[in-house]
Amino acid sequence: MADQLLVVSSSPHIRSKETTSVIMRDVLIALVPALLCGVVYFGFRALFLVAVTVLSCVGFEFLWQKITKKPVTISDGTAVVTGVLLAMNVPVTAPWWMMVVGSFVAIIIAKQLFGGTGHNFVNPALAGRAFLLASWPVLMTRWVLPFTTGFTVAPDLVSSATPLAILKGTAEGEFPSLLDMFLGNIGGCMGETSALALLLGGIYLVIRKVISPRIPLCFIGTVAVLTFLFSSGDLSAFDSMLYNLLGGGLFLGAIFMATDYVTSPMTAKGQVIMGIGCGVITFIIRKFGGYPEGVSYAILLMNIATPLIDKYCRPKTFGTVAKGGGKNAEK
Amino acid sequence: MQKLTFKGGIHPNDSKSATNQIPIRELAPPDTLYFPMQQHIGAPLSSLVSVGDTVKMGQKIADSDAYMSVPLHASVSGTVKDIGLYLYPTGLKMPTIVIENDGKDTPEEPLNTKTLEELAPKELVGLVREAGIVGMGGAGFPTHVKLSPPPEKKITYIIVNGAECEPYLTSDHRVMLEQPEDVIFGLRAVMKIFSLNEAYIGIEENKPDAISAISSAAEKAKGIHVLTLAKKYPQGAEKQLIRAVTGREVPSGGLPMDVGCVVINVDTAVEISRAVRLGLPLMRRVVTVAGGAVKHPANFRVRIGTPFRYVIEQAGGFTEEPKKIVMGGPMMGISGYSLDVPVVKGTSGILAFTESEVSIRSTSNCIRCGKCVEVCPMNLIPAMLSAHSIRKNLEQCEKYHLMDCIECGSCSYTCPAQRHLVQSIRWGKQQLQIKRAKERARGNKNG
C-alpha cells in the first residue's frame, strides 16, 4: 500500500461513461437508416462517395494535427461525422475529387483554423457544402432519380428537377407522390431524401438524450406554419406545406445539422430561438430567394448568431428572482 | 406517495448495495487517537490540556471563545501524548491533540441531567454547542449557530435531511433504520427550540425500509411528516432539499433561514438526542467504508480520532491496491494521499477506489453540448463559468452568478469532454473572494 502513490484530485471522483466519442458514435448510428436509403436508392456510388469523404475528413484532420504538432484527436469521431454529413449533402453524381475539396474546406478552413473540435463557429459540413455549391453550382445540382445509378451515372438521366424546384417554378416536371417523398424515393442529395429514415435517426438521438427535440421541432414546425400560411404555386395550403417539409434537406438539416452542439445555443431558450430562426430564414429563402432550397444557409446564418443568442439567453439562476416565493410561501 | 424533487441533477449509479443491508458495527477504539483542533467551519480551538495529562472519555479537550466554533471532546480515556501538527484529511497539517487510549473508557460527568421537557430552548442550544455538535453531512457547520437565527428570521420549516444522495454512502440510511427513535427525539428537541409543532423528514425513494422505519417512529410523535424524495443527485444539497420540500428558493447569496428553513442531518439529530438524553458530547460517528478496493465494505460506528488506516484494517484491508482514497462521497468528497489521517466529525465515508472506478481520463475540448446547463441544479452555465474562471475573467464570472455554484459536481460528472468544470469554478470563486476582500480593504482605507 505504502509503495504506490494515490491519485489526489478535485471532486467529483466518478464520471459518466458518456464521452464525446460515445456521443459521436450515437450520431453515426442515427445516420445509418438515412445512409442505407442513400445506398439503396442511389447505388454503390453513394457508398463510395461517403467513404471518400470520411477518409478525406479524417485524413485532413490527422495531417493538420501532425503538421501543427497538436494532439491527434481523430478518435473522438467528430471528423467521421463531418464526413458522413458532407457526403449526405451532395448529389450522387458529384465527382469524387470535389468531395476531397469539400472535406478540406470543412476540416481545415472551417474547423481546424479556428481551433479544432468545439471552436468552429459554423458547422464544418455545411461550410464545405456551401463552398462546393458556390464553386461548382452545376455539379452540385445534377440530380438523378432513385434506382437509375450504378457506379457511374448515365448523363441522359440527369435532371435538375427536384420537388422544391418545381414548386418554385425554376424547373419543369411532375410532382412525385407524397408517399414517395416520405420514403425518399425522389431525386435529391444522397442522404436527404428519406424523411422516414431521418426521423428514425432523430428519434434515436432524442431517446439516447444526445439531442433535445427543441431545435428540430421548432425548425420543422416554423417551416410548416409559414408554408401553410403562405402557400406557393398552384398547390393547396396543405400540400404546399407537406412538399416543403418533405422536399429538400429540411429533415436532414433540422435533425442532424442545426443540432450540432458546437454551433447551436446551450440553453433551452436559445435552442428554441435557433429552431425558429432557422425555420424563418429557410422559408424566406425558399419563398423570396433565387434558390429553391434554403436549409443550409439558414443554419449557417443561425450558427453565426449563436454566440449572440447564448449571450442573451441565460437561465434564471436558482434563487435570483422569486425570493422566498414558491407554492408554500404563504405558510 | 408523491415524490418531491428539484430541477436539474444527475442519476449516477448509487453503488449502495455493498453496505446498505449490513448492520452498523461498533468499532473498538485503537491505541492512539488524533484530535485535530478545527473540525468545524469557524474559529480554530485552543487546547485545554497539556502533554502528560490524563483525560476522561467525553472530557472537553479544546475550546474557543469565538461564536463560530464548537468544543472538542476526547472520545476515549487515556493520556495526552502529544500536541502538534498532524495531517488532516484535507491534506493540510493542523494542530492536533494525540491521546493514548487506556482502554478503560472512564466516563466524564454528563453534560446534561435534565429531561427534554425541563430544558428551556436557550439551554438546549447551549447544550448543542457544549456537546460539540456540527452538521454531520460533511461541511461541519456549527449546529448551535444554525439553531440560533437572528430574531427577524422567523423559522417555519424544520427539515431533517435523510436524502443521502451521494453514491456509495449508506451511513445515514443505516442510522435511520437502526435508530429511528433517536432521529425523532433529536428532531423533537429542535422543534422545541423553535416552538414549532410540525417538522419534515425527507428521504430518497431508494431507501423504502428507512422511510417505513422513520414513519412508524414518527407516528408516536405528532406533527412529523416523512416525505419521499425522488432519487436524484444532489437531492440532499440543502438548497435543493428546501426547494423539494417547501417549494421555496433560498435567495442567491442567502441562507436557509432567509426562507424560514433549518435543515439538519440525520446523524446530527441523533447526536442532539444523545446530548439531551445521555448528556454525551459528540465522540463518535457512523462511517461508510466502501469502494471496490475494500475487502469487506461496512458501516462502522467509529470514535472520532480513529485513524483511517485502522478503520480500513477492520474492514479486512484492501483486495487490491487502491488508486484513490476519498473522505466523504464520490461526488463531493476530498481525496487524500495518506491513510494516516483521523476520522473527524465530518467523515461520512472512507472510500477506496480501484482504477476502474475512478475515471482518470484526459480532458478534451468543450463541444458546447449544453449537458452541464441541463444538469446544473442552480441553473447556471457551468461551461461558461469554467471558461471565464480559467481566463480569470472575474467580472464575467460575477455576471454569470459564479458564487451561486454549490460545487455539487453534476457538471463535471456529466461532461462528455471530461472537463474539470467544478475544479475551475472553485478556483474562480477563490479568486473572486480574494478580489472582493481586496476591494473591501481598499474601501475601508479610503472611507
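**Exercise 1. Locate B:Gln418 in chain B, describe its backbone, and decide whether it is buried, exposed or partly exposed.**

Solution. B:Gln418 sits in the loop that links helix H12 (410-414) to helix H13 (421-446) of chain B, where helices (H or I, at least four residues) and strands (E, at least two) are DSSP runs numbered from the N terminus. Its phi is positive, about 60°, although B:Gln418 is not a glycine. For the last step, a residue is buried if 20 or more other C-beta atoms lie within 10 Å of its own, exposed if 12 or fewer, and partly exposed in between, with C-beta atoms placed from the backbone. Because B:Gln418 has 17 C-beta neighbours inside 10 Å, it counts as partly exposed.

This is a predicted model, in which local features need pLDDT of at least 70 and side-chain atom pairs count only at pLDDT 80 or more, while totals for chains, interfaces and linings use all residues. Residues are numbered from 1 along each chain as its sequence is written, and chains are lettered from A and ligands numbered from 1 in the order in which they are written.

**Exercise 2. Carry out the steps of Exercise 1 for B:Arg368.**

Solution. B:Arg368 belongs to the loop between strand S18 (349-353) and helix H9 (371-375) of chain B. It has a positive phi of about 55° and is not a glycine. Since 22 C-beta neighbours lie inside 10 Å, B:Arg368 counts as buried.

**Exercise 3. Describe how H2(A) packs against H4(A), and how H5(A) packs against H13(A).**

Solution. Two packed helices are described by the angle between their axes and the distance between the axes. The axes are lines fitted to C-alpha atoms, for helices over the stretch in contact, and angles run from 0 to 180 degrees between N-to-C directions. For helix H2 (residues 44-67) and helix H4 (residues 96-111) of chain A, the axes come within 8 Å and cross at roughly 40°. H2(A) is therefore oblique to H4(A), given that angles under 35 degrees count as roughly parallel, over 145 as roughly antiparallel, 65 to 115 as roughly perpendicular and the rest as oblique. Helix H5 (residues 124-135) and helix H13 (residues 295-312) of chain A pack at about 130°, with axes 10 Å apart, so H5(A) and H13(A) are oblique to each other as well.

**Exercise 4. Which residues have the most contacts inside the largest nonpolar core?**

Solution. A nonpolar core is a set of buried Ala, Val, Leu, Ile, Met, Phe, Trp, Tyr and Cys residues joined through C-beta atoms within 7 Å. The largest has 144 residues, and those with the most contacts inside it are B:Ile159, B:Ile214, B:Val289 and B:Val311, where contact requires C-beta atoms, placed from the backbone, within 7 Å. Helix H4 (residues 180-193) of chain B supplies the largest share of this core, seven residues. A second, separate core of 85 residues includes A:Ala30, A:Val80, A:Leu85 and A:Tyr243.
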